[in-house]
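I set out to record which oppositely charged side chains pair in this structure. My notes follow.

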Amino acid sequence: MFFLNVQNPDALFQKIGECEGAVVYLDGDGARRDLKPVAAQMLTFGAPLRPREIPALEVIAERPGDQARLLRYMMDACC
């Protein structure tokens, strides 16, 4: 799943934290990195360290229910 122009990263990180299975992102080298701890850290740290927007992020959710949750977020966030 490819997210473009995420205007509210906190909401995305919160949805990722709600996922039951593994959620990974592809880094610049194509390696898969666990996104759930990153999302938790972003929500925990102060506002200056959090991104205000994310231009592009490729996310892979392991479980179909998590895929549906992220897809619903994507649909709700854009409309």
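I took a salt bridge to be a side-chain nitrogen of Lys or Arg within 4 Å of a carboxyl oxygen of Asp or Glu. The model is predicted, so I noted that local features need pLDDT of at least 70 and side-chain atom pairs count only at pLDDT 80 or more, while totals for chains, interfaces and linings use all residues. Residues are numbered from 1 along each chain as its sequence is written, and side-chain values use heavy atoms, with hydrogens and water left out.

**Entry: the count.** By this rule I find 5 salt bridges.

**Entry: Arg63 and Glu20.** I looked up this pair and found a salt bridge of 2.9 Å, N to O. Arg63 lies in the loop between strand S4 (54-61) and H3, and Glu20 in the loop between H1 and strand S2 (23-26), 43 residues apart. Helices (H or I, at least four residues) and strands (E, at least two) are DSSP runs, numbered from the N terminus. For accessibility, I used relative accessible area: buried is under 20%, exposed over 50%, and partly exposed in between (1.4 Å probe, protein chains only). Arg63 is partly exposed at 38%, and Glu20 is exposed at 59%.

**Entry: Glu18 and Arg69.** Their side chains form a salt bridge at 3.9 Å, N to O. Glu18 sits in helix H1 (residues 9-18) and Arg69 in helix H3 (residues 64-78), 51 residues apart. I also recorded a network of salt bridges that links Lys15, Glu18, Asp66 and Arg69.

**Entry: Arg33 and Asp27.** The closest N and O atoms of this salt bridge are 3.0 Å apart. Arg33 is partly exposed at 40%, whereas Asp27 is buried at 18%.
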